[in-house]
Amino acid sequence: MSETLRAAAFLDKGGTGKTTTVAHLGVALEELGHEVLLIDLAGKQGDLAKHFGVWGDYQARIEADEAWPNISTVFDDAWGTIAEKLGDDTLADLVVPTDEGPDLIPAHPGLDTLDAELGNIDDARERYSRLEQFLDEYVDPLGYDVVLVDLPGMTNNVAYNGLWAARHVITPVEMGPFEAEQADALRRDLGKIADNFAVDIELALVLPNKVDTRTNLAEEYLNAFESEYPDAIAPDYVPYSQDIRNAADRGQTAFALEEPSTTARRAREAYLAAAETLVERLGGEHYG
């Protein structure tokens, strides 16, 4: 690709599967031939790194005070000076490779205070554009095809940075009334951002997640999401699969399973279809 495509996973609610979605879409995009970078802004727990089995090593670096620079550093006022001193190896210690294809910039405990630190920046554009500046100046030149950002499950300054930088939102939703309400609220929030700052941020992919179609209620919500978000709905839903949870506990995605269950195979197919659709909606139809 000649231009890096970006998207951020967000819903103002925890536990909807944002991290699982980012991990699986990242691997699916790699399976489709794209080079992918994942960025974890969701919190200091390092859940995205755990998904790929690399959190233990990175946590050891944190405890040894060797995880510097890190993802929180790039939001600092002094980042430009730091990057200049580091020279050509600016991102060498930031980016961690994974065994399943995507590269990763893991979470860091510095994210804990980042929201408050960003809140001290008076100018709203400056406050919300720190991540965009980092991606424009330091990540895009690396030549990744797609950058996916995992955001916290709450509306704060960190989340706004991710939305501002990505301009395209991935929203995994479970089949329930609260998720439907939150997805609708997100759509309204994106409209407010666009109106207030003249920045277009669109809902690019609504991905029904952990769907159990054995229940009539799930089918009803699935139909409702398809009707409500015809331009953003994913081509297929991700079924509930215990295999995915078990794989995550082992530091893997469902794509790494040697003997996947039927639901895990269907989930992989759904993620591959979603990844292909996402690239098209991000403006990458002619890339391959």
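The model is predicted, so local features are given where pLDDT is at least 70 and side-chain atom pairs count only at pLDDT 80 or more, while totals for chains, interfaces and linings use all residues. Residues are numbered from 1 along each chain as its sequence is written, and side-chain values use heavy atoms, with hydrogens and water left out.

On a 1 Å grid over the protein atoms alone, a pocket is an open set of points with protein on both sides within 12 Å along at least five of seven lines, whereas a cavity is a set of points where a 1.4 Å probe fits but cannot get out; lining residues have an atom within 4 Å of a point. Grid points are joined across faces, edges and corners, and a volume is the space filled by probe spheres set on the points.

The largest pocket holds about 660 Å³ of space. Its lining is made up of 29 residues, and G17, T19, T20, H51 and K210 lie nearest its centre. Two or more lining residues come from each of α1 (18-31), α2 (47-51) and α11 (242-249); here helices (H or I, at least four residues) and strands (E, at least two) are DSSP runs, numbered from the N terminus. Sorted by class, this lining has 9 nonpolar, 12 polar and 8 charged residues. In this sorting, Ala, Val, Leu, Ile, Met, Phe, Trp, Tyr, Cys and Pro count as nonpolar, Asp, Glu, Lys and Arg as charged, and the others, Gly among them, as polar.

The second largest pocket has a volume of about 250 Å³. It is lined by 14 residues, with S72, T73, F75, D76 and E117 closest to its centre. Helix α5 (residues 114-119) provides the largest share of this lining, 3 residues. The lining divides into 5 nonpolar, 5 polar and 4 charged residues.

Around it stand F10, T155, Y160, L163, L186, D189, L190 and I193. The lining of the largest cavity has 6 nonpolar residues, 1 polar and 1 charged.

Helix α9 (residues 177-197) also holds R188. This residue counts as partly exposed because its relative accessibility is 48%, between the limits for buried (under 20%) and exposed (over 50%), found with a 1.4 Å probe on protein chains only. R188 and L151 are 37 residues apart along the chain, and their C-alpha atoms are separated by 18 Å.

N70, in the loop between α3 (55-63) and α4 (79-86), counts as buried because its relative accessibility is 3%. Its side chain reaches the backbone oxygen of A67 at 2.8 Å and makes a polar contact with the side chain of H108 at 3.2 Å. A polar contact is a pair of N or O atoms within 3.5 Å; within protein, one must be able to donate a hydrogen and the other to accept it, and residues adjacent in sequence count only if both atoms are side-chain atoms. Leaving aside residues up to four places away in sequence, N70 touches Y58, L94 and H108, where contact means heavy atoms within 4.5 Å.
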